[in-house]
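Here is a colleague's note to read beside the model. Please keep the structure open while going through the points.

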Amino acid sequence: PEVHRHEVDDPVDLQIELDAGNLDAAQAAFEGILRQQPANARAMVGLAILDGKRGNPAAAVDWYQRVSRLRPRDAETLNNLAVSYRALGRQDTAMALWRRAIVLQPNYGEAVYNLGTALYLSGDVSAALPYLSRAVELAPDSARYWRNAARLGGGALAASPCGGFVVCPRA
């Protein structure tokens with residue numbers, strides 16, 4: 001039997017291309033989609049992801065801003081835009097976007113976690129720990145949230161006897 005390459009024209013298939021490291025093929029396909037459908041947000045997100053993978057956060061910001069204009073209340077887009085701004089060293093802008101994403105979608109764990117991490121890294125540990133704790137509550141099976149929340153919190157994050165999680169005062 002012969003193996004045939006699947007034609008990549010669907011954004012889900014394109015994500016598979018991205019994950020496989022076929023960046024040039026994914027880029028060409030995303031650009032092709034945008035030539036036919038200039039307002040295709042999924043293709044724009046794909047190009048933003050590509051730019052992020054290629055170490056070009058400024059270009060990623062441009063794509064996520066375009067998507068944000070199409071979907072102004074999309075918390076995931078705001079989170080990704082914030083990540084790209086943070087990569088550019090624009091921490092205040094990133095934190096404002098994470099806060100806005102959390103207002104729009106309070107149970108969006110990735111934005112909650114990212115804001116907590118950013119606050120911690122900026123030196124505001126007391127503000128960070130409730131966000132890190134909340135992220136673990138929202139995704140208790142996330143090993144990444146647990147590991148980083150415990151590491152960043154210096155052991156201040158602990159299980160509550162009643163279930164859930166609390167920020168414990170340091171001794």
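1. Basis of the note. This is a predicted model, in which local features need pLDDT of at least 70 and side-chain atom pairs count only at pLDDT 80 or more, whereas totals for chains, interfaces and linings use all residues. Residues are numbered from 1 along each chain as its sequence is written, and side-chain values use heavy atoms, with hydrogens and water left out.

2. Overall layout. The protein chain has nine helices and two strands, where helices (H or I, at least four residues) and strands (E, at least two) are DSSP runs numbered from the N terminus. Along the sequence these elements follow the pattern α-α-α-α-α-α-α-α-α-β-β. Of the 171 residues of the protein chain, 43% count as buried; buried means under 20% relative accessible area, exposed means over 50%, and partly exposed lies in between, with a 1.4 Å probe and protein chains only.

3. The salt bridge of D24. The structure holds three salt bridges, each being a side-chain nitrogen of Lys or Arg within 4 Å of a carboxyl oxygen of Asp or Glu. In one of them D24 pairs with R54, and the closest N and O atoms are 2.8 Å apart. This pair links distant parts of the chain, with D24 in helix 2 (residues 23-36) and R54 in the loop between helix 3 (41-53) and helix 4 (57-70), 30 residues apart. D24 is exposed at a relative accessible area of 60%, while R54 is partly exposed at 35%.

4. The salt bridge of R144. Here the partner is E110, and the closest N and O atoms are 2.8 Å apart. R144 lies in helix 9 (residues 143-152) and E110 in helix 7 (residues 109-121), so the pair ties together parts that are 34 residues apart in sequence.

5. R134 forms a salt bridge with E137, the closest N and O atoms lying 3.4 Å apart. Both residues belong to helix 8 (residues 125-138), where they are three residues apart, about one turn of the helix. An α-helix has 3.6 residues a turn, so residues three or four places apart point the same way. R134 is partly exposed at a relative accessible area of 30%, and E137 is partly exposed at 34% relative accessibility.

6. The largest pocket. About 150 Å³ of space lies in the largest pocket, the volume being the space filled by probe spheres set on grid points that are joined across faces, edges and corners.

7. Make-up of the lining. Helix 7 gives the largest share of the lining of the largest pocket, six residues, and helix 5 (75-87) and helix 7 each supply at least two. By class, this lining has five nonpolar, two polar and three charged residues, with Ala, Val, Leu, Ile, Met, Phe, Trp, Tyr, Cys and Pro counted as nonpolar, Asp, Glu, Lys and Arg as charged, and the others, Gly among them, as polar.

8. The buried face of helix 8. Helix 8 has 14 residues and reaches 20 Å from its first C-alpha to its last, close to the 20 Å expected at 1.5 Å a residue, where the expected span is 1.5 Å times one less than the number of residues. The buried residues of helix 8 are A128, L129, L132, S133, A135 and V136. Seen down the axis of helix 8, these buried residues fall within an arc of 155°, so they line one face of the helix; the arc is that of the directions from the helix axis to the C-beta atoms.

9. Helix 2. The buried residues of helix 2 are A26, A29, F30, G32, I33 and L34, in contrast to D24, which is exposed.

Notes: On a 1 Å grid over the protein atoms alone, a cavity is a set of points where a 1.4 Å probe fits but cannot get out, and a pocket is an open set with protein on both sides within 12 Å along at least five of seven lines; lining residues have an atom within 4 Å of a point.
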